[in-house]
Structures are given as C-alpha cells and as structure tokens.
Amino acid sequence: DTHDTESLEVLISGGSHLSPENHDLITSVFGVEVLVGYGLTETAPVTANLRNHGKKGTLGEFCRGLSGRIEKTADKDNGEISVQASEVFFGYFRQPEETGEVFDGEWFLTGDTGYEDDGHICFTGEKKRTRKVNGQLVDLTEIERALQMVDGIDTAYVQGETNSIHARIVLTDGEADEREVTRRIRKELGHLIASYKIPRTFSFTRE
C-alpha cells in the first residue's frame with residue numbers, strides 16, 4: 001500500500017554489511033535513498049553516509065570528530081579499520097588481556113577489514129572470530145564449544161561470512177545419513193545456543 005510509505009524519505013541500514021545488490025533492491029522497492037552506517041558497541045558510530053552524498057557499496061566516511069584509519073598491511077588495498085578511541089572507549093572492565101589485544105597505542109582495532117575509496121570506507125571482511133547473522137553478533141568459538149557438547153562429535157570448526165555460518169565436523173560414530181545427522185545436531189544445538197547462531201550448513205568427516 002503506497003499510503004503506508006508515502007511519507008518515507010530515507011532508510012538507514014546498519015548491523016550487517018549491505019551488498020550493492022541488496023542496496024539496489026531496497027532502493028527500487030521503496031523508492032527512497034538508502035544510507036549505510038557502521039559502528040561497534042565499543043566505539044558507537046564509526047562511519048556514516050550523508051544525505052544526498054551517500055556512496056553505494058560503502059560504509060560511508062569516518063564520522064566527523066572521530067579519527068579513523070585503515071591499518072597498513074602487506075595488502076596495500078586492504079587493512080584493519082581502526083579508530084582513535086581515547087575519548088569513547090578505555091577498555092573492557094577487568095579484562096586487561098582482552099583489552100590489550102584490541103589496542104595499538106591509542107588506536108582501537110575493530111577486527112573488521114576494508115579499504116578507502118575516495119574517502120569512503122569499503123568493507124571487505126572480518127579478522128575476529130565473530131560474524132553477523134541478521135544483524136546479530138555471533139561468536140564462532142561459542143558455536144564450536146556448543147558443538148563439542150553434542151553426542152557423536154569429535155571436533156568442530158566453524159567459519160563463514162555474514163549471514164552464512166558453516167560448520168566442519170569430525171564425527172566419532174557411524175551414522176550414515178548426513179541429513180539425519182544434521183537434523184539431530186540442529187535439534188541438540190537448539191537447547192544450547194540461540195537459534196540464529198546455529199550454522200546454516202554442515203560438512204562431515206569421520207575418524
């Protein structure tokens with residue numbers, strides 16, 4: 001019903017990476033400007049696309065008043081997104097080891113990678129062992145620990161990209177039907193972790 005959206009002027013996307021294809025789809029469906037931003041719990045907003053100056057496929061520019069950079073690596077076109085966090089984030093409460101892992105001097109290392117394109121930040125992936133699933137942050141190590149609690153699993157390794165988590169599992173038993181194994185594992189995981197954290201796909205090997 002067009003009456004439901006006739007006052008809509010702009011849509012803001014955040015939480016997960018918005019691909020250029022989905023950007024085009026949302027724009028065409030609603031007929032309004034779509035802007036993408038990026039931030040973390042530790043640092044709040046990091047980037048923003050401004051009205052009428054947004055660039056499709058990017059996270060936008062570093063927010064005004066916030067110092068940001070792309071860490072230099074061997075890959076000159078891709079590095080870790082970092083922000084100077086001395087005024088917004090001082091560390092994790094009573095977790096000095098974890099705090100030390102995410103700081104380079106006064107620079108907070110986001111764990112996300114990207115590159116700059118004419119002042120706009122383009123997202124390329126994640127270094128840290130977390131992924132976003134429908135905007136929810138998922139800890140891959142937590143999923144691995146849950147899988148280790150499931151009967152018949154020897155070891156498990158979880159990987160993936162945004163909205164696509166995959167588990168590689170070594171089984172200790174002789175169940176032959178992988179569909180039944182997958183169904184059983186999904187059911188047991190449902191008692192251990194939130195449903196959105198359960199891997200989308202599985203692959204199996206046996207001892």
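Two strands count as paired if DSSP finds at least two bridges between them. Helices (H or I, at least four residues) and strands (E, at least two) are DSSP runs numbered from the N terminus. The model is predicted: local features need pLDDT of at least 70, side-chain atom pairs count only at pLDDT 80 or more, and totals for chains, interfaces and linings use all residues. Residues are numbered from 1 along each chain as its sequence is written, and side-chain values use heavy atoms, with hydrogens and water left out.

**Overall**

The protein chain has 4 helices and 14 strands. Its C-alpha trace spans about 60 × 55 × 35 Å along the principal axes. Of the 207 residues in the chain, 38% are buried, where buried means under 20% relative accessible area, exposed over 50%, and partly exposed in between (1.4 Å probe, protein chains only). Contact means heavy atoms within 4.5 Å; among contacts between residues at least 6 apart in sequence, 44% join residues at least 24 apart.

**Hairpin β10-β11**

Strands β10 (residues 130-133) and β11 (residues 136-139) run antiparallel and are joined by 4 bridges. Lys132 stands opposite Leu137 in β11. The two strands form a hairpin with 2 residues between them, and Asn134 in the turn has a positive phi of about 50°.

**Sheet β12-β13-β14**

An open sheet of 3 strands has the order β12-β13-β14, with mixed pairing. Its edge strands, β12 (153-161) and β14 (201-206), each pair on one side only. Neighbouring strands are turned by 20° against each other on average, direction ignored. Axes here are lines fitted to C-alpha atoms, for helices over the stretch in contact, and angles run from 0 to 180 degrees between N-to-C directions. Strand β13 (residues 164-171) runs antiparallel to β12, and 8 bridges join the two. Within this pair, Thr155 stands opposite Val170 in β13.

| Helix | Residues | Strands | Angle |
|---|---|---|---|
| α3 | 140-148 | β12, β13 and β14 | about 155° with β12 |
| α4 | 178-189 | β12, β13 and β14 | about 115° to β14 |

**Helix α4**

Helix α4 has 12 residues and reaches 16 Å from its first C-alpha to its last, close to the expected 16 Å at 1.5 Å a residue; the expected span is 1.5 Å times one less than the number of residues. Val181, Thr182, Ile185 and Leu189 are buried in α4. Viewed down the axis of α4, the buried residues fall within an arc of 100°, so they line one face of the helix. The arc is that of the directions from the helix axis to the C-beta atoms. The buried residues of α4 pack against α3, β12, β13 and β14, while the face turned away from the buried side carries the exposed residues Arg179 and Lys187. At the N-terminal end, Asp177 caps α4 with a side-chain oxygen 2.9 Å from the backbone nitrogen of Arg179.

**Asp112**

Asp112 is in strand β8 (residues 107-117) and counts as buried at 5% relative accessibility. Its side chain makes a polar contact of 2.6 Å with the side chain of Tyr38 and one of 2.7 Å with the side chain of Lys128. A polar contact is a pair of N or O atoms within 3.5 Å; within protein, one must be able to donate a hydrogen and the other to accept it, and residues adjacent in sequence count only if both atoms are side-chain atoms. Leaving out residues up to four places away in sequence, Asp112 touches Tyr38, Gly79, Glu80, Ile81, Phe123, Gly125, Glu126 and Lys128.
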